[in-house]
Amino acid sequence: RLEVFMEQQGPRSVILSGILLAMQLCSATYAPDSLARFFPPSGKLPKPRQEKIAFYFRRLRERKTSQDRRRDFRAITFDLDDTIWKGTETLINANEKMHDWIKVNTPKCAEKYDSKNFRELMSTLRKSQPEIAHNFTALRKKALEIAFAETGYDKSKVEPAFTAFIKARNNVLLYEDSVQTLKCLRERGIIVGAITNGNANVWEICGLRDLFDFAIKAEDAGEAKPLRAPFTLALRCCRRVLEDIGETSVLSIGESNILHVGDSIQSDVDGAKNAGFYAILLDRQIREEEKANLKRDSKADCVITGLEELYSKL
C-alpha cells in the first residue's frame with residue numbers, strides 16, 4: 001500500500017522511498033530470529049541471568065548524572081584465541097588429532113599432505129578463494145576435499161576428518177585467570193560476549209558454555225575482525241538481551257558502552273576502535289614498564305597483562 005501511495009505523491013515520493021528503505025532495513029536487521037545463532041542453543045538466557053542483568057541496568061538508571069552513566073560499561077566482549085585460552089597450543093593439538101585420523105583412515109592422503117603441506121594448501125585457498133577466507137570451517141573442509149580427491153578418496157571422508165579436528169578444537173587450554181574473570185563480570189550483571197575469528201564453539205566447551213551471553217564467529221558474521229560486521233552484531237546482540245529483559249530503549253546501550261578485550265592490535269584494537277567500542281589490548285608477555293609505549297603505539301585505550309586487571313578499569 002505504501003508503494004502505491006508513493007506513486008501518487010510525485011516529488012514527495014523521494015522522501016517516502018527513503019522511509020520505506022529504512023523500514024525494510026530495520027525489519028531485516030533487527031529481526032530476532034536473525035540473531036538466534038549467536039545465543040545459547042536454548043535461544044534465550046536463563047531467567048536468573050536475565051534478572052542479574054536487569055538489576056545491573058536498574059542500578060545504572062538510578063545514577064544521578066549523565067556523566068556517571070557514560071562511564072559505566074554495560075557489556076564486555078572478548079576475543080577467544082590467545083585471550084581466553086591458549087590459541088596456538090589448542091590449534092596444534094586439534095591439527096594433530098585431525099592428522100591422526102587421516103593417517104589411520106586415508107593413508108595415501110597422509111603421505112602427500114603432512115601438517116606442513118596441509119597448512120600450505122589452506123593458505124593457498126585463502127588467497128584464491130577470498131569469499132571464504134574469513135570462514136575457517138568452510139576453508140578447512142574445502143582443503144580436505146581437495147586433499148582427498150588428489151589422493152583417490154571421495155568426499156565422504158571430509159566430515160569425519162573435520163569432526164576429529166573440531167572436537168579437539170573445542171577442547172581448549174584455558175588461561176588460569178579466564179574462568180574467574182568471566183564469573184566475576186557476570187556476577188556484576190554486565191553483558192558478556194565473545195567475538196572470534198576462529199571456529200571454536202563456546203557452547204560446546206565445558207567450563208565456558210555458561211559464561212557467555214552470546215558468541216559471534218566470523219564465519220557467521222560474514223566478515224572477520226577488524227571489519228565492522230562482527231562488532232555491529234555484538235551491539236545488536238546486546239540490545240537483544242536488553243529487549244528480552246524488558247529494557248526496550250536502544251539508548252540503554254551504545255557502542256561507547258561496550259568494552260572489547262583482545263590480544264591483536266589489528267583485529268581487536270583497530271576493529272573495536274573503528275566500531276566505536278572501548279578497546280583493551282591484552283599482552284601477557286609485556287613488562288609493566290613497557291605498557292605506556294605499547295598503549296601509545298597500538299592506540300588502545302588501555303593495556304593489560306592479565307584479565308584480572310579488568311576489574312580496575314570498570
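Let me begin with Gly198, which has a relative accessibility of 8% and therefore counts as buried, the cut-off being under 20%. The model I am presenting is a predicted one. Gly198 lies in the loop that runs between strand S2 and strand S3, the latter covering 214-217. Which residues does Gly198 touch, leaving aside those up to four places away in sequence? They are Asp81, Arg169 and Lys217. Leu80 also deserves mention here: its C-alpha atom is 8.0 Å from that of Gly198, although 118 residues separate the two along the chain.

The protein chain has 314 residues, of which 47% count as buried. It contains 14 helices and 6 strands. Among contacts in the chain with a separation of 6 or more, 62% are between residues 24 or more positions apart.

In general terms, an α-helix has 3.6 residues a turn, so residues three or four places apart point the same way. Just after H10 comes Gly189, with a positive phi of about 105°.

The next topic is helix packing. Two packed helices are described by the angle between their axes and the distance between the axes. Consider helix H5, residues 87-105, and helix H8, residues 136-150: their axes come within 14 Å and cross at roughly 25°. H5 and H8 are therefore roughly parallel to each other, and the crossing of H5 past H8 is right-handed. On the H5 side, the residues that meet H8 are Asn95, Met98, Trp101 and Ile102. Their counterparts in H8 are Arg140, Leu144 and Phe148.

H8 also packs with helix H9, which covers residues 158-169. Here the axes are 10 Å apart and the angle is about 130°, so H8 and H9 are oblique to each other. The crossing of H8 and H9 is right-handed. H8 contributes Thr137, Arg140, Lys141, Leu144, Glu145 and Phe148, which meet Val158, Glu159, Ala161, Phe162 and Phe165 in H9.

The side chains of Glu219 and Thr137 are joined by a polar contact of 2.9 Å. Beyond residues up to four places away in sequence, Glu219 touches His134, Asn135, Phe136, Thr137 and Asn199.

I finish with Leu282, in strand S5, residues 278-282. Is Leu282 buried or exposed? Its relative accessibility is 3%, so Leu282 counts as buried. Not counting residues up to four places away in sequence, Leu282 touches Asp82, Thr83, Val261, Gly262, Asp263, Ile304, Thr305, Gly306 and Leu307. Ala300 lies 18 residues from Leu282 in sequence, and their C-alpha atoms are 9.8 Å apart in space.

Terms used:
Residues are numbered from 1 along each chain as its sequence is written. This is a predicted model: local features need pLDDT of at least 70, side-chain atom pairs count only at pLDDT 80 or more; totals for chains, interfaces and linings use all residues. Side-chain values use heavy atoms; hydrogens and water are left out. A polar contact is a pair of N or O atoms within 3.5 Å; within protein, one must be able to donate a hydrogen and the other to accept it, and residues adjacent in sequence count only if both atoms are side-chain atoms. Contact means heavy atoms within 4.5 Å. Helices (H or I, at least four residues) and strands (E, at least two) are DSSP runs, numbered from the N terminus. Axes are lines fitted to C-alpha atoms, for helices over the stretch in contact, and angles run from 0 to 180 degrees between N-to-C directions. Angles under 35 degrees count as roughly parallel, over 145 as roughly antiparallel, 65 to 115 as roughly perpendicular and the rest as oblique. A crossing is left-handed if the near helix is turned anticlockwise from the far one by less than a right angle, and right-handed if clockwise. Buried means under 20% relative accessible area, exposed over 50%, partly exposed in between (1.4 Å probe, protein chains only).
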